[in-house]
Amino acid sequence: MEFSVQTANPAKAETACLVLPVFKGSDLLPAVAKLDDASERLIGQLLDRGDFDAALGNVQIVPFAPGLGAERLLLVGLGERAKCQEAAFIKALDAAMAALTKLPIDEASATFTDVPLEDRDTAWKARKTLEAAERAIYRFDQFKSSPAKAPSLTKLNLIVSDADEAPMAKQGAALGVAIGQGINLTRTLGNLPGNVCTPRYLAGQAEQLGRDSQGALEVDILDEEALEALGAGSLLSVGRGSQEPTRLIVMKYQGAENPEEAPHVLVGKGITFDTGGISLKPGEGMDEMKFDMGGAASVFGTVKAVLAIKPKLNVVFIVAAAENMPDGAATKPGDIIKTLKGLTVEVLNTDAEGRLVLCDALTYAERFTPASVVDIATLTGAVIIGLGHHATGLLSNDDDLALDLLDAGEAAWDRAWHLPLWDEYQEQLESNFADLANIGGRPAGTITAACFLSRFADHFPWAHLDIAGTAWHSGKQKGATGRPVGLLTQYLLDRETDAQVENSDS
C-alpha cells in the first residue's frame, strides 16, 4: 500500500473518497468540522436527522460531496466520544478499510490521526491506519478457479491537521505498512494447505527471503542428516511418521553496528500439519491443524517486517518444522527419546509434539549466546479455555523480559497476558522412566507445557508465547490472523531503542 501525508485543508483535498470518523452526537472532530462548514452542514444534517447512526463501526457512503474536493465521503462511526479507546479506534478503522476496498477507487484519504486517544500519538494512529489498510486488501484465493475481483485500492493519503506532526505520521505510516505486510505473509503461510506448506516449503520460503534481502539475511537449513549428526532426537522424533522430511530453519539478521552484539532470538513452532500422531485427534476440525505452524508463520512475518524496517539490531530467527503423522515409524506413547540437550523424555502423548520440536530449537539457540529468546507456538488448547481468543498466553523465566513483551503487546495493540511459571508446576512432569514426561496432565496444561520448555531455556532470558487462541479464526471467518507479528516487531524495535540508549550512555 502506498501512502502520503498531507496537511492541506481537508475540504479542498482532491480525492476519490474521503474517510471521516464521526462521534455520536454533534461533537465533530476538527477536520470533520471544516468539511461540514464547507459543505453547508452536510454532515451535521445527516447526523441531526438520523440519516447516519455513528454507532461504533457503522459506515455510510455519501456519493456526492458538493463544495468539497472529494468525489465521495465515507462516514465511519466512532460511537460515544467518552468510550473511544484503542479497541474502538481499531474497530472503526477496520470497518472503514473494509468499506473502502469495496469501492471502485484506487486511492482514498483519511483523517484518523485527528481522533483523540489518551497516550496514543499521531505516529501510532498513522501506523494502525496503514496496518489496517494492508490487512483489508489481503485476499487468499489462489486456489479458487474463479477468484473474486481484487480490491483496486492501492494508495491511502493521511490528512494531518498539525503540520508539525507530519514527519511523525510518515514514520508511523511506514511502520504500519511494514508490519501489515508482515502480518499478511504470516496469514498466507498459515492459510496454505498442508499438502503445499510443508517443512521443505517453509525452508524454500526462508531461502527466498534471503535472496530478496540482498545480503541482509543469512539462511541456514539443517536437513535430517544434519539434525541426526547434531543429536536433535526430539525434533526428529515428531516427523518419524511422515514422508515429509523435518527441517530446522535458521535466519540471521545482522543490523547492529557491533556485529558481536548479542542477538535476540525468535523461535517458531512449525508443525505444518498435526494429526496428533498415534494419539490421533478427532476428525472434526482437524483441517484447522494446518494452522499449527502459526508460530513459524509469525516468525516469517516478523522477518519480512524487519527487512523492511532495518533496525540496528542483531536477530536470529529459528523455525523447527515437521509434520506429525501416524504411520508405522511414528513415535508411540511410552517411547523415550533423547533431546539435543541430553535430557530424556517419556512421550506420554504424541499430540503434545510442539514442545518436542521447540525444546531442541531452544537448545540450538543457546549457541548464539542470546540476549533474549522468545518462542512462539500454537501449543495448548488450554490457553483458549483460560484466555479465549483475545490475549496470547505469556510465560517467562525472566520478569523483565515478560514486562518488555507485555509492553510491546500494549504498544502494538497485540496483547498478551502473563501466567505464572512456578516451580510447583514442574512436579507434574515427573516420569518413572525418563528425565521428564512430555505432558503433565489436564490441570494447568498451558503452564506445564511452558514448564517443559523452561528445562531447555535455563541459560538465557526466555519467554514463551502460546498463540493457540490468537493465531487463527474458526467458523465462517476461518483463516490465519497474522498475530503476533505486531507484538514481536514492536518488541524488537524496543530492544533497538534500548541498545541506542545504552550506547549513548557508555
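Where does UniProt place the feature "domain: Cytosol aminopeptidase"? The record, an unreviewed entry, puts it at residues 349-356. UniProt positions follow the numbering used here, with feature names shortened, and annotations may be inferred rather than shown by experiment. The structure is a predicted model, so local features need pLDDT of at least 70 and side-chain atom pairs count only at pLDDT 80 or more, while totals for chains, interfaces and linings use all residues. Residues are numbered from 1 along each chain as its sequence is written, and side-chain values use heavy atoms, leaving out hydrogens and water.

Back to that annotated stretch. Over residues 349-356 the chain is 38% helix and 0% strand, where helices (H or I, at least four residues) and strands (E, at least two) are DSSP runs, numbered from the N terminus.

Next come the charged pairs. The structure has 24 salt bridges, each one a side-chain nitrogen of Lys or Arg within 4 Å of a carboxyl oxygen of Asp or Glu. One of them joins Arg41 to Asp48, with 3.0 Å between the closest N and O atoms. Arg41 is partly exposed at 39% relative accessible area, whereas Asp48, at 53%, is exposed (buried means under 20% relative accessible area, exposed over 50%, partly exposed in between, with a 1.4 Å probe and protein chains only). Asp36 also belongs to this picture, as a network of salt bridges links Asp36, Arg41 and Asp48.

Another pair is Glu257 and Lys312, whose closest N and O atoms are 3.7 Å apart. This bridge ties together distant parts of the chain, 55 residues apart: Glu257 lies in the loop between strands E8 (247-254) and E9 (264-274), and Lys312 in the loop between helix H9 (294-309) and strand E10 (314-324). Glu257 is exposed at 68%, and Lys312 is partly exposed at 42%. Asp335 and Lys332 pair up as well, at 3.3 Å from N to O, with Lys332 partly exposed at 46%.

In helix H14 (residues 445-454), 10 of 10 residues are buried, among them Ile447, Phe452 and Leu453. Helices H4 (residues 122-136) and H5 (residues 166-191) have axes that come within 7 Å and cross at roughly 35°; axes are lines fitted to C-alpha atoms, for helices over the stretch in contact, and angles run from 0 to 180 degrees between N-to-C directions. The H4 and H5 crossing is right-handed, meaning that the near helix is turned clockwise from the far one by less than a right angle.
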